Amino acid sequence: MENVNHKKEWIGWLKVIIITIMLAFFLRTFIFATSIVEGESMYPTLQDGERVIFNKIVYTIDDPHRGDVVIIHQPPKNYVKRVIAMPGETIEIENSQLYIDGEAFQQHFLSDEVIAQTNNFGPMEIPEDNYFVMGDNRLISKDSRNGLGLIPRDDIIGRSELIIYPFNQFGWID
């Protein structure tokens, strides 16, 4: 009798393990994934080597918003950048001030020092189904201004949500 109970216990544990693995696979494939930040283009928001969790499902039910830190898939790699201008808007940077549709836009996520280092750009109208993105470290970022170009909606695969590594940097992404 004890042998039968022991076997039932093992089968129960095996079911729990299989369900846990299937759930983790589902979440990783369809809902959340991780990405490693490469380079300093998003400093100080994100630093080289940090691992972030990004939400893959958010943009199947909504569009990216200004200020979102997004994951962009452009083979052979993914990029982490901040959405600055939306489809149909006109962007211009003049004397370090960002203008969207002629209105000054305050970049609360950047220090005054970084803002002062932002070079003139534009004006440029953003076509439908495209986004203008920049890294927070404006001096060295490869972004919509200089090499990455405008980002088609379909290339935005998720929104960065949480820094998970290194552990001392654990927290939500602004």
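1. Is D101 buried, exposed or partly exposed? In this predicted model, D101 has a relative accessibility of 46% and therefore counts as partly exposed, since that class lies between the limits of 20% and 50%. The residue sits in the loop between β6 and β7 (103–104), and its phi is near 50 degrees, which is a positive value in a residue other than glycine. Leaving out residues up to four places away in sequence, D101 touches G88, E89 and T90. A85 is 16 residues from D101 in sequence, and the two C-alpha atoms are 9.5 Å apart in space.

2. A positive phi is also found at N95, where the value is near 50 degrees, again in a residue other than glycine. N95 belongs to the loop between β5 (90–94) and β6 (97–100). With a relative accessibility of 63%, N95 counts as exposed, because the cut-off for that class is over 50%. A colleague checking the backbone of the model may wish to look at N95 together with D101.

3. Two cis peptide bonds also deserve a mention here, the one between Y43 and P44 and the one from P75 to P76. For the bond joining Y43 and P44, omega is about 10 degrees, and P44 is placed in the loop between β1 and β2 (51–55). For the bond from P75 to P76, omega is near 20 degrees, and P76 is placed in the loop between β3 (69–74) and β4.

4. The strands β5, β6, β7 and β8 form an open sheet of four strands, in the order β7-β6-β5-β8 and with antiparallel pairing. β7 and β8 (121–125) stand at the edges and have a single partner strand each, so one side of each is left without a neighbour in the sheet. The pairing of β5 with β8 is antiparallel and runs over three bridges, and T90 stands opposite E125 in β8. T90 is also one of the residues that D101 touches, which links this part of the sheet to the loop discussed in the opening point.

5. How many of the residues of strand β9 (residues 130–134) are buried? Five of the five are buried, and the strand is therefore largely enclosed by the rest of the structure. N130, F132 and M134 point one way from β9, whereas Y131 and V133 point the other way. On the pairing side, β4 and β9 run antiparallel and are joined by three bridges, with F132 of β9 as the bridge partner of A85. β9 also pairs in the antiparallel sense with strand β10 (residues 151–152), over two bridges, and here I151 of β10 is the bridge partner of Y131.

6. The largest nonpolar core has 14 residues, and I84, I91, L98 and F132 are those that touch the most other members. The elements giving two or more residues to this core are β4, β5, β6, α3 (112–116) and β9. A second, separate core has 12 residues, among them V58, V70, Y79 and V133. As for L98, when neighbours within four places in sequence are left aside, its contacts are I84, I91, E92, I93, E103, A104, F105 and Q107.

7. Which residues are the closest to the centre of the largest pocket? The pocket has a volume of about 300 Å³, and of the 17 residues that line it, the closest to its centre are E38, K77, N78, Y79 and V80. β1 (32–36) and β4 (77–85) each supply at least two residues of the lining, and β4 gives the most, with five residues. By class, the lining has seven nonpolar, five polar and five charged residues.

Notes
Residues are numbered from 1 along each chain as its sequence is written. This is a predicted model: local features need pLDDT of at least 70, side-chain atom pairs count only at pLDDT 80 or more; totals for chains, interfaces and linings use all residues. Side-chain values use heavy atoms; hydrogens and water are left out. On a 1 Å grid over the protein atoms alone, a cavity is a set of points where a 1.4 Å probe fits but cannot get out, and a pocket is an open set with protein on both sides within 12 Å along at least five of seven lines; lining residues have an atom within 4 Å of a point. Grid points are joined across faces, edges and corners, and a volume is the space filled by probe spheres set on the points. Ala, Val, Leu, Ile, Met, Phe, Trp, Tyr, Cys and Pro count as nonpolar, Asp, Glu, Lys and Arg as charged, and the others, Gly among them, as polar. Buried means under 20% relative accessible area, exposed over 50%, partly exposed in between (1.4 Å probe, protein chains only). Two strands pair if DSSP finds at least two bridges between them. A nonpolar core is a set of buried Ala, Val, Leu, Ile, Met, Phe, Trp, Tyr and Cys residues joined through side-chain atoms within 4.5 Å. Contact means heavy atoms within 4.5 Å.
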